Amino acid sequence: GEIVDAVCHQMQQAKTSTPEDAANVLIFSLGHDSPMWLDMNPHGLTRFVETSPAWIEMQPPRVKNVTILADYGTSASEGYGIRCDPHRLGHFLRTQLSPQLLATCWDIILVDAPNGWGPGRMGAIYAASQLAGD
């Protein structure tokens with residue numbers, strides 16, 4: 001769809017960019033594709049946020065070095081109840097993300113974690129909405 005096309009376009013530009021016009025990419029998740037995201041943004045800043053130490057451990061060193069281990073502090077079962085509670089949703093943003101991540105202007109933010117049945121994605125979605133700005 002339109003969003004995937006826009007992300008692909010931005011990542012293609014990042015891959016061929018110079019350091020001066022490289023992209024800042026934040027990804028809430030690690031997977032087998034994580035090295036690809038670094039390869040697609042060779043001159044830019046790519047960071048990962050992950051909840052699973054096991055997923056971090058299985059990554060190559062270059063991915064591990066740009067990954068933050070986070071605890072969302074939520075459960076999927078409470079998602080509906082906290083959907084309009086910025087204080088509760090913002091707890092993850094305030095306590096788990098570094099000042100550097102908070103101060104960065106992100107060109108692309110992908111939310112693919114955490115899983116929808118454990119901690120739920122409310123914290124990651126809220127954090128992405130706040131980091132994306134206007």
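**Entry 1: the pair β1 and β2.** I began with N24 and looked for its bridge partner in β2, which turned out to be L45. A note to keep in mind from here on: this is a predicted model. I then checked the whole pairing, and β1 (residues 24-28) runs parallel to β2 over five bridges. Next I followed the chain from β1 to β2: the path goes through helix α2 (residues 34-39), and this β-α-β crossover is right-handed.

**Entry 2: how covered is β2?** I asked myself how many of the six residues of strand β2 are buried. I found five in the stretch 45-50, so the strand is largely enclosed by the rest of the structure. On to the next neighbour: β2 also pairs with strand β3 (residues 67-69), in the parallel sense and over three bridges. There I saw E50 standing opposite L69 in β3.

**Entry 3: the sheet as a whole.** I put the strands in order and got β3-β2-β1-β4, an open sheet of four strands with parallel pairing. Which strands stand at the edges? I noted β3 and β4 (108-111); each has a single partner strand, so one side of each is left without a neighbour in the sheet. I also looked up the twist, which averages 15 degrees from one strand to the next.

**Entry 4: β4 and its partner.** I counted the bridges between β1 and β4 and found four, with the two strands running parallel. Here I27 stands opposite L110 in β4. Then I compared the faces of β4: I108 and L110 lie on the covered one, while I109 and V111 lie on the uncovered one.

**Entry 5: helix α8.** I moved to α8 (residues 122-132) and saw that this helix packs on the sheet, where it touches β1 and β4. Its direction makes about 170 degrees with that of β4. I listed the buried residues of α8 as M122, G123, A124, Y126, A127, A128 and L131. What covers them? I found that the cover includes β1, β4 and the helices α5 (79-82), α6 (86-96) and α7 (99-103). Just past the end of α8, I noted G133 with a positive phi of about 70 degrees.

**Entry 6: L38.** I picked out L38, which sits in helix α2. Is L38 buried or exposed? I read a relative accessible area of 15%, so L38 is buried, as the limit for that is under 20%. Leaving aside residues up to four places away in sequence, I found L38 touching T46, F48, R62, V63 and V66. I took one of these, R62, and checked the spacing: L38 and R62 are 24 residues apart in sequence, and their C-alpha atoms are 8.5 Å apart in space.

**Entry 7: S29.** I stopped at S29, in the loop between β1 and α2. Its phi is near 155 degrees, a positive value in a residue other than glycine.

**Entry 8: cysteines.** I searched for disulfides and the structure holds zero. I checked C84, which counts as exposed at 65% relative accessibility. C105 counts as exposed too, at 60%.

**Entry 9: the overall tally.** Read along the sequence, I get the pattern α-β-α-β-α-α-β-α-α-α-β-α. Of the 134 residues, 41% are buried. I looked at contacts between residues at least 6 apart in sequence, and 59% of these join residues at least 24 apart.

Notes. Residues numbered from 1 in each chain as written. Predicted model: local features only at pLDDT ≥ 70, side-chain atom pairs only at ≥ 80, totals over all residues. Heavy atoms only, no water. Buried < 20%, exposed > 50% of the residue type's maximum accessible area, 1.4 Å probe, protein only. Pairing = 2+ DSSP bridges. Right-handed = clockwise from strand over helix to strand, strands pointing away. Contact = heavy atoms within 4.5 Å. Axes fitted to C-alpha atoms, helices over the stretch in contact; angles between N-to-C directions. Disulfide = S-S within 2.5 Å.
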